[in-house]
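Open the structure in your viewer and keep the selection tool at hand. The stops below can be taken in order.

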Amino acid sequence: NGYISSLIRRGDLEGKMGQTLLLHNIENTLCDRVLLVGCGKERDFGPDQYKQVVAKAVQTLNDTGSMDAVFYLTELPVKQNDISQKIHHFVLATHEVLYQFNELKTTVDSARRPLRKIVIAVSNRRDLNLREQTLRESVAIAEGIHLCKDLANLPANICTPGYLADEAQKLDKIYTKLSVNIIDEEEMTKLKMGAFLSVSRGSREPAKLISLQYQGGPDKQKPIVLIGKGVTFDSGGISLKPGAAMDEMKYDMCGAASVIGTINAIAEMDLELNVIGLIPATENLPDGLASKPGDIVTSMSGKTIEILNTDAEGRLILCDTMTYSEKFKPEIVIDVATLTGACIVALGHHTTGLFSNHSPLAHDIENAGKHTSDKVWELPIWDEYQEQLKSNFADMANIGGRPAGSITAACFLSRFAKKFQWAHLDIAGVAWKSGSEKGATGRPVALLSQYLINKAKSSG
Ligand code: BES
Ligand code: MN
Ligand code: ZN
């Protein structure tokens with residue numbers, strides 16, 4: 001009966017971005033409350049604004065004792081987004097704003113009457129099925145992100161390589177199409193993983209190579225391999241890092257966490273695709289047995305590596321895992337790693353660095369990134385850069401000097417990617433937030449999951 005219009009006319013709600021007005025007991029409605037949320041200017045309303053509005057609404061309801069709610073925000077036009085993206089962003093923003101990591105606190109003040117149930121209204125009944133499918137996918141991705149964040153936020157004294165292996169094995173019990181195997185150091189020695197083992201030598205925690213095999217497609221379909229860097233703590237080793245913010249190096253296993261989260265997501269949605277997750281998990285610590293600058297090791301591929309800086313350990317564990325992946329005859333291998341500080345210098349905290357030896361693969365990843373707003377930007381791995389890895393004493397050095405540090409790291413990996421289409425995601429800048437909001441972001445679980453969903457659709 002014009003009640004809301006009159007409130008707006010009176011100036012109770014201007015409609016500024018994120019402004020809210022909670023109304024009670026409105027006549028002629030069946031609900032206890034109506035929440036109005038400002039969305040800013042219509043022409044500026046893109047995916048970022050949409051996510052902010054959803055988050056604000058969910059947070060407000062959660063704080064005011066509303067236990068269930070129907071949302072009409074999905075009816076708003078969002079620039080460059082279709083309805084399935086709106087559902088995706090809605091679900092992810094909701095989970096994001098409600099996420100807390102309180103496992104290690106003895107007292108927490110949580111909402112007394114938390115928001116428990118959300119209904120998303122869709123205006124068109126005709127494609128309700130399609131939208132429910134998107135909703136299921138989005139919820140599975142949100143759960144994958146949740147798992148990724150939990151693993152990443154755990155401190156390194158709890159989240160050890162062995163802990164990651166146990167967590168992976170738990171998933172094996174839940175999903176019949178998933179089988180998890182753990183390769184220990186003894187077996188790695190037999191496999192001649194000299195590069196990987198040169199990192200774990202400096203730590204008393206036994207390293208693990210975790211393999212999660214998800215068989216959702218036909219037997220003959222070549223798998224996609226996801227490799228996640230799982231350095232559960234990176235002190236730098238003998239090339240010790242400075243002390244400031246060193247605690248954040250517990251996040252050096254975010255690649256691993258995102259691969260586990262993604263496998264969880266696709267298993268949850270019962271995706272029809274063969275995907276294998278491989279996680280080299282280790283600590284990088286200084287010790288009497290630790291690798292020393294100048295040491296030369298032989299990788300599983302047979303190539304020798306001069307370790308000029310023990311802090312460039314990620315590429316050492318990844319290269320042997322890439323060689324190991326050849327046994328699965330993969331069509332595509334994607335590695336995900338908090339690999340270089342230089343990537344933060346290049347792209348900041350918004351964008352994942354993408355490197356690839358196959359441009360259609362890079363394109364597919366870019367598209368999945370755009371769809372989910374989990375964005376990537378491609379950097380070159382041209383031959384000119386390879387020269388920086390020259391060693392006087394071995395086939396290659398493990399560092400390429402200061403210029404283009406992320407690119408030379410990717411160039412190093414590219415030498416172990418000759419047998420498959422390969423992409424490398426450097427997530428050093430995007431995997432976690434520092435400062436008062438310190439915590440894992442769950443990136444790039446959404447990107448990887450969407451990439452695999454798209455893959456399953458095109459190969460099904
Ligand atoms: N895990 C680090 C990269 C990193 C640093 C990620 C800061 C996020 C924030 C990696 O193992 C590392 O130490 N890389 C070195 C490479 C260098 C020695 C060539 C780096 O970036 O300084
Ligand atoms: Mn390092
Ligand atoms: Zn590292």
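In which loop is the place of Asn-28? Select Asn-28 in this predicted model: the residue sits in the loop between β1 (20-24) and β2 (33-37). Its phi is positive, about 65 degrees, although Asn-28 is not a glycine. Most residues other than glycine have a negative phi. Asn-28 is exposed, with a relative accessible area of 65%.

Next, select Ser-373, in the loop between α11 (359-372) and β14 (376-378). Ser-373 is not a glycine either, and has a positive phi of about 60 degrees.

Now go to the loop between β18 (439-440) and α14 (445-459), where Pro-444 lies. Show the backbone of Arg-443 and Pro-444: the peptide bond joining them is cis, with omega about 0 degrees. Most peptide bonds are trans.

Select Ile-334, Ile-365 and Leu-425, which touch the most other members of the largest nonpolar core, a set of 72 residues. Then colour helix α8 (residues 254-268), which gives the most to this core, with 9 residues.

Which residues is Ile-365 in contact with, leaving aside its neighbours within four places in sequence? Display Ile-334, Leu-354, Val-376, Ala-423, Leu-425, Leu-447 and Tyr-451 around Ile-365 to see these contacts.

Last, select Val-225, Ile-305, Ile-307 and Met-396. These four are among the 44 residues of a second, separate core.

Terms used. Residues numbered from 1 in each chain as written. Chains lettered and ligands numbered in written order. Predicted model: local features only at pLDDT ≥ 70, side-chain atom pairs only at ≥ 80, totals over all residues. Heavy atoms only, no water. Core = buried A, V, L, I, M, F, W, Y, C linked by side-chain atoms within 4.5 Å. Buried < 20%, exposed > 50% of the residue type's maximum accessible area, 1.4 Å probe, protein only. Helix = DSSP H or I, 4+ residues; strand = E, 2+ residues; numbered from the N terminus. Contact = heavy atoms within 4.5 Å.
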